[in-house]
Amino acid sequence: MFRTMKVSLAALAAGSLMTSAVMAGDLVINFDDLNPGPKQGFDDAVAQFKAENPDINVIVNNNDREAHKTAIRNFLTADAPDVTSWYPGNRMAPFVDAGLFIPVDDVWADNGFNEDLAAIKATMSRDGKIWGVPYSYYQWGIYYRKDIFDLLSLEEPQTWDELLAACGTMKENGVTPFTIGTKFLWTAAGVFDYLNLRTNGYEVHNDLTAGKIKYTDPRIVKTFENWKVLIDECGFVDNHASMSWQDAIAPFANGDAAMYVMGNFSVDGYKNAGLNEDQIDFMPFPNIDPNVPLAEEAPADAFFIPTNAKNKEDAKKFLAFVARPDVQSKWNKTIGQLPINAKAEISDDKFIQEGFALLNQATGIAQFYDRDAPAAMAKAGMEGFQEFMLDTSKMMAILERLDGVQDEVYK
Amino acid sequence: MSDISAPQSASWMSRNKLAIAPWLFLVPALLFFAVYVVMPIFESIWLSFYEWNGLYRADGTSTATWVGFDNYVKLWDDPKFWTSLKNNVLWLVLYMLAVPAGLGIALFLNQKTPGMRIYKSLFFFPFVISQVVVGLIFGWFYNPDFGVVGQVFKALYCEETVNLVGNVTFKCSGTVPDILSNPEVATYGIIAAGLWPQIAYCMILYLTGLNNVASDQIEAGRLDGAKGWRMLWFVVLPQLRPATFIAVVVTVIGALRSFDMIAIMTQGGPFGSTNVLAYYMFETAISEYGERYGYGSAIATVLFLIMLVYISYFLWRMYQDEKGGR
C-alpha cells in the first residue's frame, strides 16, 4: 500500500514539475499567513529581496496557516518549494528526523548569526545542527489593567509573594485576578510554562518537554503545587473551560478580571474590546524562586530549506536575507512583533519595547509547551492542565496519567 | 459496445442481454465503491499494524515501521479509548429516544386542522439545517455567560452591581451550570443537541407512515371497541413497522457517526470526556496534535468492526424481509 501511495505521490510530483516548469533561477517560497499585517510584512520583504537580487525569479505561494500545517506534510516530499516557513522546537523535529530539511549551519556561520541570533540558537538546533533561520517572535507575560492597578494602588508585582498579596487586594475589591479561556487548551499551557520556568527554570522545561523528566518528578509536582496556590489565592474566572482566549477578553475588558497570561498578539484583542493603551500594560511573570534565572516564553516563526528543494543556493541567500537586522526591523514593525536579530531596531510601541527588553535579558527562550513537546504529549498534557484547573484535587492522578503517556510517546 | 454490428458478438450480447445489462449499470458504482470504500477499509486495517507519523522521506519512502498488534495492545490500555467507547454506547442508547419521541410528535401532528402543514414544517425544520449549525446554536444556548442557560441563571440567582471601574457586572449566589465544560454532563448536553434534529427525522418518517395506515382497519378496530393505547399498540403500530425499522436504522447510524456535533461543541473536551471513537480517531490521526496514523487506524478498525456487527444484522434482516416478501 505504501508503494501505491508512493507511486501516486511521484506522479503528483512529476505532474507539478511539468506544469510549473521550474527554471534554475527560480526561487519558490511557501509562506503561511494571509492575515493583512503578516502578509504585508512578507510581501515587502520579498519585494526588497527581488530588488537586491534581480537575477532570481521569486515565486511565492502564500497559504492559510492551518492549511499550511496540513499541506507541508505532503509538499515536502511531493513538490518541495525552495524555502518554506515553519516552526522551530519540537514542531520541526518530525521533518528533521525524516530528513526533509537540510541543515543551514553554514548560513549561520557566514552571516554572524551565531552571535546575533544567539538567544534562539538552541531552539533552532537538533542533533547538533541548525535547521532554519527565524524572522520574528513575540513575548509572553502578564497583560494587566493598569487603571485597576492604579485604583487599588498596586504596583507591578516582582515576586511571588507580591503577586499573591496583589491578588488578595483585588479579590477584596471584587475583581477576579486572572482571566483565561481554556476551551482550546493551549492557554493553560502558557500558565503552566511560566510557573514551571519560574519554579524550576529553563533546563527543567526542556528536559520535561524532551521526556527526560517524569511528570511525577518532585520538581514538576512543586510547579503544580504553586499552580494550586495561584488558583486558590489568586483565582481564574469561572467557566474558563467554555471560553476561547478571545471570549476571555470580555471579563478583562469589563473590569471583572485584572490580569491575563498571554502572548503579545492579544493586544489587538484588548484594543478591539474597547480598551486604550493607558488602560493596559505588560509585566513579566514575577519571580517565584529568586535563584532561578529568568527564562521567557517567545514562540518564533522561521524559514527552512526542504531537502528536495531545487535551488538551494538561492534559498540560502533568502535565509541570510530574512535574518539581516534591517530586514527584521522593517518586517517586525509591519507585523507588530519582535525582531530576533539583536542588532535590529524595534518600533516605539510600548508592548514591543517592553518585550524586547525582556527577551534580551532572558537566559533562555522557551517556544511554548505545545511546540516544545511532541504533539501527542502536548495534547495529553494540555488536557491534564485544563482538568487540573477545574479540580486541583486530581493533581497526582493527572500527573501519573501523564507519566503513562510520556512512556508511550518517547520510546 | 461499438462493434454491436458484428453478428457474433451481437448474438452473444442479445442472448445474454438480461444478464449483462444490470452489471453494466452497476459498473460505475461498483468501481467507485471499490476504490473509495472497499480499498480504504483494507488500507486502513493494514496501516493499523504500523507506527507512522504520515511523513515520507525526501526520497519518497515511508517512515512507517511495522509494529504488529502493538497499536491494539495500546488501545486496550488506553483510558481515552474506553471513555470514547462508553460515550459511543451512551449515544446509541439515548439516541433511541428519538424514535418514540418522533412517533409521539407525528401522532400529535397527524390531524386535519387548518395550517397543519406550517406546524409540520416547523417541527421538521431542525432536520433541514446543518448539524454544524445545530451544534453552534446549542453551544450558545448552553453558554454560561451569554446563553439562555446563563441568562436564566443570572435572572434567578444573581444581582446586578457595578464593579470597580464602573461597569455593570453580576454578583451570583452560586456558579452558573457550565454544561459543556462539566465532564459529568457534557456528553448528555451534546446528545440532547443531536436529538433535536433526529426527532424531527423520525417524525417525518412516521408522518409518511401514518398516511399509509389503512383507515378501514382503524374503523374496524373502533367498532370492536379499541381506543387509545390499545388502538395504537394493536392496530396502528403494526402497520407502522416499516417506518419503525427505518427510524431505528437511521438513528443507529446517526448515533455511530456522531462527529460534527462533538467537533463543534467541545472538540472532545473537557479533557477528552466527550470523545467518541470517530472523533478520537480524527484527533489521533489527522488533527494538529495527532499525526499518529497507525494508532488512528487501529481505532478506525475497532469502530468498523463494531459497525460491522450492526450492519450485518441489518443486511440479514433486509434479506429475510425480501425473501418473505416474495
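This is a predicted model: local features need pLDDT of at least 70, side-chain atom pairs count only at pLDDT 80 or more; totals for chains, interfaces and linings use all residues.

Trainee: What joins Cys167(A) to Cys234(A)?

Mentor: A disulfide, with an S to S distance of 1.9 Å.

Trainee: And which parts of chain A does the pair tie together?

Mentor: Cys167(A) sits in helix H9 (residues 160-172) and Cys234(A) in helix H12 (residues 218-234), so the link ties together parts that are 67 residues apart in sequence.

Trainee: Left-handed or right-handed?

Mentor: The torsion about the S-S bond of Cys167(A) and Cys234(A) is about 85°, so that disulfide is right-handed.

Trainee: How many disulfides turn up over all chains?

Mentor: Two, from a search of the whole structure. In the other chain, Cys158(B) pairs with Cys172(B), sulfur atoms 2.0 Å apart.

Trainee: Where do Cys158(B) and Cys172(B) lie?

Mentor: Cys158(B) is in strand S3 (residues 158-162) of chain B and Cys172(B) is in strand S4 (residues 168-172), so the parts tied together are 14 residues apart in sequence. The S-S torsion for Cys158(B) and Cys172(B) is about 105°, so this disulfide is right-handed.

Trainee: Is Cys158(B) buried or exposed?

Mentor: Buried, because its relative accessibility is 14%, under the 20% cut-off. Cys172(B) comes out at 34%, so it counts as partly exposed.

Trainee: Switching topic, what does Cys202(B) count as?

Mentor: Buried, because Cys202(B) has 0% relative accessibility.

Technical notes
Residues are numbered from 1 along each chain as its sequence is written. Chains are lettered from A and ligands numbered from 1 in the order in which they are written. Side-chain values use heavy atoms; hydrogens and water are left out. A disulfide is a pair of cysteine sulfur atoms within 2.5 Å. Helices (H or I, at least four residues) and strands (E, at least two) are DSSP runs, numbered from the N terminus. Buried means under 20% relative accessible area, exposed over 50%, partly exposed in between (1.4 Å probe, protein chains only).
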